[in-house]
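Here's a quick briefing to read alongside the model. Have the sequence open as you go.

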Amino acid sequence: MNIFGFKRIFFLFLLLFMFSEEAEGQQITKLSASFIDPPQSPLVIYGIPFSSSVIYQNNFLYAPVEDFLIMTGSKFYLQNLPSQLVINGQSAPLSLLATGPDRYSGKNSYYLNVTETLNYLGIYYRISTENNSVWITVEDVPQTVSSLKSTVSGHVVYQYFEGGTVRIIETYLNSARIPQTREISSTSLPSDGYYNFSDLPPGDYIIEATCFYSVTGPVVYDYVSRQLYRCVTTCIPSWQKRLNLRGGENITADFLPEQAVVRTEEKLIYLGIMAPGTK
């Protein structure tokens, strides 16, 4: 074998090694073709037997990705499989994934580890054993951590202001995985600066606070039109914080003077026409 042939073989081995390392890093389980038929389905989700075929391997139950996530009520984006798994707007661990043959077509398809995915989603389930088989029942328990509502409250601290607003804005990924925002709620800022938002579901939020006060300036005289104006400057301090809320959290978000970004707006207020001969 000449030196060029040796280099070619070495290069092929290097590619195979790199491919195997990458696949191992993804931690995607390979499944056999041992299916559990639907009439014997060991998986019940919110009282409904799982109609698709599942695979039981190494003491774990695996279900087809899309069918399983639809029945759990999850939002998902699967077009980047297997490099990325997106569930409810978040990148989920690739270790939840498995690959195996489809029950009917025989082609490779993607599956999810049932219990590990339920743990990741924070969904309550029970496991029982009947006739040497494992049975998993997903129950709708309203007081799981993922379903508990959260509260955000705080204090806008500024030396003086005449009014203001606090808004809470949700950030999320749409179906095309493009970041978007939407206002969830807003409240007028009382004179003491305290605000409160309750019954917030888990998620990513932006809290925006603004207040304002006016400063009266000098009177301006237009000699051509003989009209009087008063200059008024409005100062608008604003704050912004990002929060990641988990179920049942009560978070305090205070806004301090040194954290404010202040912008100003100036306007002229018409006072009237000065009569000839007056000063």
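Two strands count as paired if DSSP finds at least two bridges between them. Helices (H or I, at least four residues) and strands (E, at least two) are DSSP runs, numbered from the N terminus. We're looking at a predicted model, where local features need pLDDT of at least 70, side-chain atom pairs count only at pLDDT 80 or more, and totals for chains, interfaces and linings use all residues. Residues are numbered from 1 along each chain as its sequence is written, and side-chain values use heavy atoms, with hydrogens and water left out.

**The chain overall**
- The protein chain holds three helices and 21 strands.
- Of its 279 residues, 34% are buried (under 20% relative accessible area, 1.4 Å probe, protein chains only).
- Take the contacts (heavy atoms within 4.5 Å) with a separation of 6 or more: 62% of them link residues 24 or more positions apart.

**The β7-β8-β9 sheet**
- These three strands form an open sheet in the order β7-β8-β9, with antiparallel pairing.
- β7 (76-77) and β9 (90-92) sit at the edges with a single partner strand each, so one side of each has no neighbour in the sheet.
- Two bridges join β7 to β8 (residues 85-87), and F76 stands opposite I87 in β8.

**Around β11**
- β11 (residues 108-113) pairs antiparallel with β6 (residues 60-64) over three bridges; P64 has Y111 as its bridge partner.
- β10 (residues 97-101) also pairs antiparallel with β11, over five bridges, and here T99 stands opposite Y110.
- The β10 and β11 hairpin has six residues between the strands, and G106 takes a positive phi near 80° there.

How values were computed:
Buried < 20%, exposed > 50% of the residue type's maximum accessible area, 1.4 Å probe, protein only.
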